[in-house]
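Reader: I have a chain open here and want to talk it through. Can you show it and take my questions in turn?

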Amino acid sequence: MLMVVMMLVVVMLVVMLVMMVVVMLVVMLVVVMLVVVLLVMMMVVVMLVVMLVVMMMVVMLVVMVVMMMVVVMLVVMMMVVMLVMIMVMVMLVVMLVMMMVVVMVVVMLVVVLLVMMMVVVMLVVMLVVVMLVVVLLVMMMVVMLVVMVVVMVVVMMVMVVMMFVEVVGVGCVLTERYGNASPSSPVQVQLHVRGRRGGLHAAVPAGAPPPPLVPRRALWRVPGRCCEQWLCDDHDARRPRKTAPRHTGAFGGCGLGVSTRISNVNARCWPEQESRLCNLRPCDVDLQPHIKEGKKCLAVYQPEAPVNFTLAGCVSARSYRPKYCGVCTDSRCCIPYKSKTIDISFQCPDGPGFSRQALWINACFCNLSCTNPNDIFADLDSYPDFSEIAN
């Protein structure tokens, strides 16, 4: 599962990088196209201005030529009549020429000013476009970074959850195997116990005795369930009596494990599976040297210094001095005799804390008739006599 999640994350990162590169290439292409368009527009404007100036000069020259011809014709026509007016005409021509020159200079200055204003406007537009492109690129990079951070946080949360789920212990898991049912034959059910480290430890066929501590018990067919279930027989199946049998699956081996039980102590009074952490005895401590001289069993072992529980890299918020069941040098085994369930709060270095229910041992006894400490169905038998309890 971790490999699949990591591969998905890698694929997502690669796709995101490819998309980012493609978007940057597209943006650069758009910028280049905008610059080319602006340059073309500038060239067109310059060409139009040059053509306008040339046309104005040609018009001016034509006008001048026409005026000169008119003036010459007038002068020739009036030379005979009015020689005196020659000076006046010359002065008029000079004045007209000067006015035309002034007009041409003013027009040239206006055209140059317009060209400069257009160039400035185009430069401002180009600067604005470049700034917009830069802002767009920065925003895209920020979005990509945020997406990558979110993906990494999600991956870390998934990994933390998977670490919490994968609690490896020595407990056992109770599973149900359903058989065939027909109106003429009862439902045949077999309960199998699968150890967390592999192997089939016990198998109870259909028709096994009911769990202990359930008075007036009877098998009831529950709607929506294949197999009949043990409920309290109070002559009303709709109001079963609340029962809480002992936890199973934590009476053998050492180290952290998980014990389970089926209980209907809830608001609906409906059978539900409950689980809690259990640690019958530590694996890293040799308990036999702690057995007193002349004794063959150590019923209870309690470390001198307080300890903090650890689970999937998380540490308990407070320290405890737990009690553990001991060992025997003969064939007897020690199991909890008095216990309760407590809530332990854990704090994680890279994530939120959580709480788990755990077995708290108050006292243990060593059973002389212990033959299979891993058989979780040993609870179905009656309790041993006090003569079988040794310390």
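Author: First a caution on the record: UniProt positions are given in the numbering used here, feature names are shortened, and annotations may be inferred rather than shown by experiment. The model is predicted, so local features need pLDDT of at least 70 and side-chain atom pairs count only at pLDDT 80 or more, while totals for chains, interfaces and linings use all residues. Residues are numbered from 1 along each chain as its sequence is written, and side-chain values use heavy atoms, with hydrogens and water left out.

Reader: Fine. Which residues does the "transmembrane region" annotation cover?

Author: The unreviewed UniProt entry puts it on residues 7–40, 46–76, 83–107, 113–138 and 145–165.

Reader: How much of residues 7–40 is helix, and how much strand?

Author: That span is 100% helix and 0% strand, with its end C-alpha atoms 49 Å apart. Helices (H or I, at least four residues) and strands (E, at least two) are DSSP runs, numbered from the N terminus.

Reader: And 113–138?

Author: Residues 113–138 are also 100% helix and 0% strand, and 37 Å separates the end C-alpha atoms.

Reader: How many helices and strands in the chain?

Author: The chain has 2 helices and 14 strands.

Reader: Change of topic. How do strand 12 and strand 13 run?

Author: Antiparallel: strand 12 (residues 333–347) is joined to strand 13 (residues 354–367) by 13 bridges. Two strands pair if DSSP finds at least two bridges between them. They form a hairpin with 6 residues between them, and serine 345 stands opposite serine 355 in strand 13.

Reader: What share of the chain is buried?

Author: 28% of the 391 residues, where buried means under 20% relative accessible area, exposed over 50% and partly exposed in between (1.4 Å probe, protein chains only).
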